[in-house]
Amino acid sequence: MIEVTGAPTREWLRSSASGRWDAFVVNVTPDLARRWLSANTSNRPLRKSHSASMARVMRAGEWKLTHQGVAFSEDGRLLDGQHRLHSVIDAGCAVQMLIFVGIPNDVFGALDRGLKR
């Protein structure tokens, strides 16, 4: 086992990981966002002010790719990212996002516990 004294290295992760999820950096267009939102079957109600705030950032060219993105379950449901996707549509421009696929279906209940679903 490789010792970690700070942030994990790729070498440490390769030797220590117990599993892996698939994630891809995707240039999300308004058309993609519309299509992906059709898989949004069980998220909480949309908070338009939150979506509008992110759309302003996107339109201004200030959106940054981060570890937070969009997640789809094993059966293709949108688990996380509805506000980001609505923001792309509202902004009318494409932005890069991390897209996770194949997330276990039972993860949904553990997401965003700070706001009631």
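Q: How many helices and strands does the chain have, and what pattern do they follow along the sequence?
A: This is a predicted model, in which local features need pLDDT of at least 70, side-chain atom pairs count only at pLDDT 80 or more, and totals for chains, interfaces and linings use all residues. Residues are numbered from 1 along each chain as its sequence is written, and side-chain values use heavy atoms, with hydrogens and water left out. Helices (H or I, at least four residues) and strands (E, at least two) are DSSP runs numbered from the N terminus. The chain has four helices and four strands, in the pattern α-β-α-α-β-β-α-β.

Q: In what order do the four strands form the open sheet?
A: Two strands pair if DSSP finds at least two bridges between them. Strand S1 (22-28) and strand S3 (78-80) are the edge strands, each pairing on one side only. The pairing is mixed, and the order is S1-S4-S2-S3.

Q: Which strands pair in the parallel sense?
A: Seven bridges join S1 to S4, and these strands run antiparallel; here Val28 stands opposite Val95. Strand S2 (residues 70-73) and S3 also run antiparallel, joined by two bridges. Three bridges in the parallel sense join another pair, with Val70 and Ile99 as bridge partners. The parallel pair is S2 and S4.

Q: At about what angle to S3 does helix H4 run?
A: Axes are lines fitted to C-alpha atoms, for helices over the stretch in contact (heavy atoms within 4.5 Å). Angles run from 0 to 180 degrees between N-to-C directions. Helix H4 (residues 82-91) lies across S1, S2, S3 and strand S4 (95-103), and its angle to S3 is about 100°.

Q: Why is the pair of Trp36 and Phe72 described as it is?
A: The structure holds one aromatic pair. Rings of Phe, Tyr and Trp (its six-membered ring) pair if their centres lie within 6.5 Å; planes under 30 degrees apart count as stacked, over 60 as edge-to-face and the rest as tilted. Because the centres of Trp36 and Phe72 are 5.6 Å apart and the planes stand at 75°, the pair is edge-to-face.

Q: How many residues apart in sequence are the parts that this pair ties together?
A: Trp36 belongs to helix H2 (residues 30-37) and Phe72 to strand S2, so the pair links parts separated in sequence by 36 residues.  In S3, Leu78 is the bridge partner of Phe72. The separation asked for is 36 residues.

Q: Is Phe72 buried or exposed?
A: Buried means under 20% relative accessible area, exposed over 50%, and partly exposed in between (1.4 Å probe, protein chains only). Phe72 has 9% relative accessibility, so the residue counts as buried.
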